[in-house]
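I opened my notebook to look up a few things in this structure. Here are my entries, in the order I made them.

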Amino acid sequence: LPGQLLCNLEPEAVSPLGQNDALTLAERISKNCVITHKKCLTTGEKGMLPFQVAVSLVSKFDEFSPEILTSLGQGAVGLSVPQIESQIRDQDLLASLPSLSKVRGWNAQQAGAILSKLFHSGYQIQDGRSLAALGSLVAGMEVDRLQEVLPDVVLDALQVPGFATQLEHLSPAQKTVFVHKRSGKNTGSTSQTCWDGSHGLREGGRSVANLHLGTCRKETPESYQQSGQKEGFNSGRSSSSNLSSVFQLIAATGGFKDLMKHVPDELVPYIPKSQLVPVGEFSIQYLNGKSWTQEQATVFFDDVIRTVHDFSSLCASILQGFTCAAASNLDTERLRELAKAMKEKKVQLGKDQLLCLADRLVLHGVPHDFNEYPEDLVLFVSPSDYGAIGSCKEYFAHVGKANVDVLEKGLSQRKQLLAEALDCLKISGPHVSWENAEILGRLACDLSAEYFKTSGKNLLKQLTQCHSFSPNQVKAIQALLCSGNTPLGPPAEWTPSTLEELSGLFHVFDLCILQKIPVSVLVPQLKCLLHKSHLHRKDLAAFVKSLRSPRQKRSSESECPPGKEATDKKIEEETLPIDYESVEEFRACLGNEILLRNLSDLSHLPFTDEQMAVIKEKLDGIYPDGYPDSVVRNLGDFMTLMGPEDMKKWRFNSSKTLAAVLVNDLSPEVATAIIRQYTDNGGPLNAEALDAIGTKYICLLEPDQLKKIDENAIKAANPLDLSSCNQNTKDILYRKAKRACSDRHNPPQYYECIKPYVGAAPVEDLRALTKDNVNMDIYTFMNLTKDAIWRLTPSEVKGLLGKNLPEMKDQQDKSPIKEWIAIQPKSELKRLGFGVNGGTPKGYINITPRNNRPPEKSGATSSLTLHLFPSLLLTLLLTAFLS
């Protein structure tokens, strides 16, 4: 078989092969294909071989010698955990390490089982080479074992070619440890790096001022490593836990430049923002070309654009950090150059960023080169303004290609765009021509259900690109597809290519559509449908049940019929729910061992309620005294079967398990019970646990739990949004965060560290920040306690907001800024210099209400003044008498 066709093999094609032929095929597959766990492969994904083929290959062998393991090559990824544990000797694994360490796609369980046997055989991590020799297997190392590895060893391993790329497949918790080890040791370079108060960062006694730009890393088609990360090769959900501590030590030993220079690219997205505040002079070459997140890039964007002459030399990951505050420091011409660079690099900007750009760039009309700016910018320019350079049809053609989801669906601005588009295209009724549908583009997603019913066949292409629909729109699409009144014909005539063309609408397929698609077409696509469908599990289960073959009579249902036993292969193919004609047969054919081994995969299949009950019955029978950690973390959708009495018996205190459980859609009551069971069992509230709890559940924690949170975890975990929490929760977390961030002696770095929790800061702490040039954004300011805001003077607010002060004008009619303005002296507000209206005239007395609540009515100032009139009158009379 030609090499280019090997990757199209199905598992059935491998079944007849003997061992020798299987090894020959495995060697050829290793050279030509990438074995993937991805559930839905499209025709454009060449060279991707389904994982089940590898499973079929390794099933040919009862024992695995070093020669067989080496010959299997990439096919070894098909080994199951039981095969690793019982069919491979420890010494054979050790002898096969050079080959196994190069296999791509191990999941955490496979790699963990191999490492367990390796360490049992006496393998030790004594230096960088012995760590790097693990290669792709490093994904299976437990966090506790990683923490025992000396920093010197990690540093040496990172110098071994190819090892850093393996870090891409680690869980965030594992990456945290690696960064921590990297930051715990100075690089030992002969060029000493130190801080000089007057000259910034210096290397070997000389100031680092060169602005040599690094080369932008080009975006390439999704690589195997990227797809592997997305497909969940490291099963389970981990948090980005303790990553910040990793970087703190690098910054402490070598400064900002050393942090940028020596952290592997695979770990860059995990650098906390508090470590990204440039101090002193720095070289942009260490920033450029790295995969920054948008939040990270925001921190240093202003410093970069003030230094760089040619904006087009910057990578997209830096340009996405554009802020309005930074734009205020650029003249119009430079801002245009920046906008063109962002268009060239296809930078995705958010609503506020685009709005800021539009305000500056079209202040005096739409420029002639407007189409060279980011394409989403057109959403913030009116058709009449665009008329200076083009027709309304041209305008809406650009709108149709833009990401209209930058504007929330239902927003008045988005509704206005659609109304103006219909007027421009002279669409007065629900009929939309194919040509006009092309112009509308994604704006067609906002058309009412009537348009879908009447013109659906012309709009089908556009509808496949929509991200969401209203209930009425969904019903109209379902009726359209079920009727067959589209260029694709009725569902009964659909082919595999039809389903691929409609993949963007899988999530709205209902039973009317699904039941009409030929089974021969549907079943091969079943995995994709199940993964993309938004149908409730019960609806999916009802559909899957309808696919079962007609029931045949059997003499007994207490025994599993020959050949129908549940196997790893059937579970991988995800056909288990349709393989059994009755609940009794399902119970008889699902063995306890296969259930426990594949619990995580089974939890996502569309079982009927009766089948789900069988699974819970089996689990309860195996663990009558409560589920252990290994079961709890893999329950997935089976969580819906669990009640409070079940949870009280769970024996788990692993933060990794907590993360796996809380990722499910849980009610606040259930989440509270789970977190309580975790903490009562001694589970630590470390960074990984905080990331698992996240903003969604943090407000559920009781004071006794909050007090158990590790202060360093506050600093290391992902930022939490505490806006919905009670004040006591905010106060406790702020105090912990303040202590945790106290080691950040550079004010901007301290502020970035404390920022997620600063909403509970007392006025004394805020006044201290006013002297530190922290440039607080307006939304953070508006979420401070009202008591603290009212006690700040205009000059203090100016010091706090810094370059973001002009944003206050846009928010002056919103609480609490509106109430703060009302009680400030008019003369002091005027000194702010950006046109805030209001304030109290000279000679009036301002009193903050005793209940610490702002006056709610617009006439609040006048009301206060009237209440004070007797006091003012008495003061005047006394003054007159004494004079």
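I started with Cys-482 and Cys-512, which form a disulfide with their sulfur atoms 1.7 Å apart. A reminder to myself: this is a predicted model. I looked up the torsion about the S-S bond of Cys-482 and Cys-512 and found about -50°, so this disulfide is left-handed. Cys-482 sits in helix α27 (residues 471-483) and Cys-512 in helix α29 (residues 511-514), so the pair ties together parts that are 30 residues apart in sequence. Are the two cysteines buried or exposed? Cys-482 counts as buried, at 11% relative accessibility. Cys-512 is partly exposed, because its relative accessible area of 32% falls between the cut-offs of 20% and 50%.

How many disulfides does a search of the whole structure find? I noted seven. Cys-699 and Cys-725 form one of them, with 2.0 Å between their sulfur atoms. The torsion about their S-S bond is about -80°, so I wrote down left-handed for Cys-699 and Cys-725. Cys-699 is in the loop between α42 (687-697) and α43 (703-706), while Cys-725 is in the loop between α44 (711-716) and α45 (727-740), 26 residues apart. Cys-699 is partly exposed at 27%, whereas Cys-725 is buried at 7%.

I then looked up Cys-741 and Cys-753, joined by a disulfide with an S to S distance of 1.9 Å. Their torsion is about -75°, so that disulfide is left-handed. Cys-741 lies in the loop between α45 and α46 (747-754) and Cys-753 in helix α46, twelve residues apart. Both cysteines, Cys-741 and Cys-753, are buried.

Next I counted aromatic pairs and got 17. For Phe-61 and Phe-64, the ring centres are 6.0 Å apart and the planes meet at 50°, so I filed the pair as tilted. Phe-61 is buried at 3% relative accessibility, and Phe-64 is buried at 2%. Phe-301 and Phe-322 have ring centres 6.1 Å apart and planes at 80°, so their pair is edge-to-face. I also noted one aromatic cluster, formed by Phe-370, Tyr-373, Tyr-386, Tyr-395 and Phe-396.

Which residues touch the most other members of the largest nonpolar core? Trp-106, Trp-292, Leu-447, Leu-505 and Phe-509 do, in a core of 156 residues. Apart from that core lies another, of 92 residues, including Leu-619, Trp-650, Leu-701 and Ile-823.

Conventions: Residues are numbered from 1 along each chain as its sequence is written. This is a predicted model: local features need pLDDT of at least 70, side-chain atom pairs count only at pLDDT 80 or more; totals for chains, interfaces and linings use all residues. Side-chain values use heavy atoms; hydrogens and water are left out. Rings of Phe, Tyr and Trp (its six-membered ring) pair if their centres lie within 6.5 Å; planes under 30 degrees apart count as stacked, over 60 as edge-to-face and the rest as tilted. Buried means under 20% relative accessible area, exposed over 50%, partly exposed in between (1.4 Å probe, protein chains only). A nonpolar core is a set of buried Ala, Val, Leu, Ile, Met, Phe, Trp, Tyr and Cys residues joined through side-chain atoms within 4.5 Å. A disulfide is a pair of cysteine sulfur atoms within 2.5 Å. Helices (H or I, at least four residues) and strands (E, at least two) are DSSP runs, numbered from the N terminus.
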